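Please view the sequence and structure first.

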Amino acid sequence: MIIKELITVTSAMEKQLETVIEELKGVQEYPMDKLVSIIQEVGFECDLCARCCTREFNDHVFLLTDDTKRVKELNPDYLEPAPYYELCDQHGNFYVSGYALKAKEDGSCIFLDNKRCTIYDKRPTICRLYPYMLHREPDEDGNVDWRQISGLNQHGHYHVNINDDEATAIAGLIKSYETAYLKQLIAFYRKAQEHFSKNKLKHVKGVYDREMRKFNKGGEITVFVLSNGEFTEHRVLK
Ligand code: SF4
């Protein structure tokens, strides 16, 4: 029985892992000239509205491993487990692939002051990249395709001239961020496979949903975050 369950767990996670590896391949193979031309066509320019630094506009600031190290040096209390936990075991413990920045009570980033970033030179990679991205996502009709810009026409200026060098540099940054993000996710699933097999755990969707309902009503949950190749335990309240 246990062996059968472990095989099921392994194959479910293997499937998730395969999807992420496939996405990574897609990012690496995505034509640079196409990305450069989209960047130039959109011609985005930041107008310093700072809306992207608030939860009203952006749900959370996900941190790559190097970003986490940098924020930890500034203030470890400004880190929290990223939301949208990938897994939940049969005991109700959640697992997630990284940290996010905390927000203030008004929903603005913990580092935002008077519409300005107080750690501009040390800001996380995603903040340097925003609003660019390279994800496969479903559109309003459910058709999955690549998405390269977030919040199009909701902030900033558009159709600004971006020269070839600048657009190529942005395209390079997009690919490098998405590659690092997906590699972090792959490392997470590999570590989770090892941890779940060793401790006879399995991901249970029903338990995930039940615990999230409790959490949303104010209950405390346990979340393990992958950090430096190991899971670090946190108690989390909404
Ligand atoms: S770290 Fe700086 S740029 Fe990033 S969301 Fe916070 S205030 Fe904005």
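Arg136 has Trp146 as its bridge partner in β8. The model is predicted: local features need pLDDT of at least 70, side-chain atom pairs count only at pLDDT 80 or more, and totals for chains, interfaces and linings use all residues. Residues are numbered from 1 along each chain as its sequence is written, and side-chain values use heavy atoms, with hydrogens and water left out.

Strands β7 (residues 132-138) and β8 (residues 144-149) run antiparallel and are joined by five bridges. Two strands pair if DSSP finds at least two bridges between them. Strands (E, at least two residues) and helices (H or I, at least four) are DSSP runs, numbered from the N terminus. Five residues sit between the two strands of this hairpin, and Gly142 takes a positive phi near 85°.

β3 (residues 94-96) and β9 (residues 221-227) pair in the parallel sense over three bridges. Val96 stands opposite Val225 in β9.

## Two helices, each with a buried side

Helix α2 (residues 32-42) buries Leu35, Val36, Ile38, Ile39 and Val42. These residues fall within an arc of 160° seen down the axis, so they line one face of α2. The arc is taken over directions from the helix axis to the C-beta atoms. Asp33 and Glu41 are exposed on the face turned away from the buried side of α2. Buried means under 20% relative accessible area, exposed over 50%, and partly exposed in between (1.4 Å probe, protein chains only).

In helix α3 (residues 65-74), the buried residues include Asp67, Thr68 and Val71. Their arc around the axis is only 100°, which puts them on the same side of α3. Asp66 and Glu73 are exposed on the face of α3 turned away from its buried side.

## Ligand shell and cavity

What surrounds the ligand? The shell consists of Cys53, Val61, Leu101, Cys109, Phe111, Leu112, Cys117, Pro124 and Cys127. A residue is near a molecule if one of its heavy atoms lies within 4 Å of it. By class, the shell has nine nonpolar, no polar and no charged residues. Ala, Val, Leu, Ile, Met, Phe, Trp, Tyr, Cys and Pro count as nonpolar, Asp, Glu, Lys and Arg as charged, and the others, Gly among them, as polar.

The structure holds one cavity of 30 Å³ or more. The largest cavity has a volume of about 90 Å³. Its lining has 15 residues, with Cys53, Arg55, His60, Val61 and Cys109 nearest the centre. That lining divides into seven nonpolar, five polar and three charged residues. On a 1 Å grid over the protein atoms alone, a cavity is a set of points where a 1.4 Å probe fits but cannot get out; a pocket is an open set with protein on both sides within 12 Å along at least five of seven lines; lining residues have an atom within 4 Å of a point. Grid points are joined across faces, edges and corners, and volume is the space filled by probe spheres set on the points.

## The second largest pocket

This pocket holds about 580 Å³ of space. It is lined by 23 residues, and Glu80, Pro81, Tyr85, Phe215 and Val236 are closest to its centre. β1 (79-81), α6 (205-216) and β10 each supply at least two lining residues. The lining has 12 nonpolar, three polar and eight charged residues.
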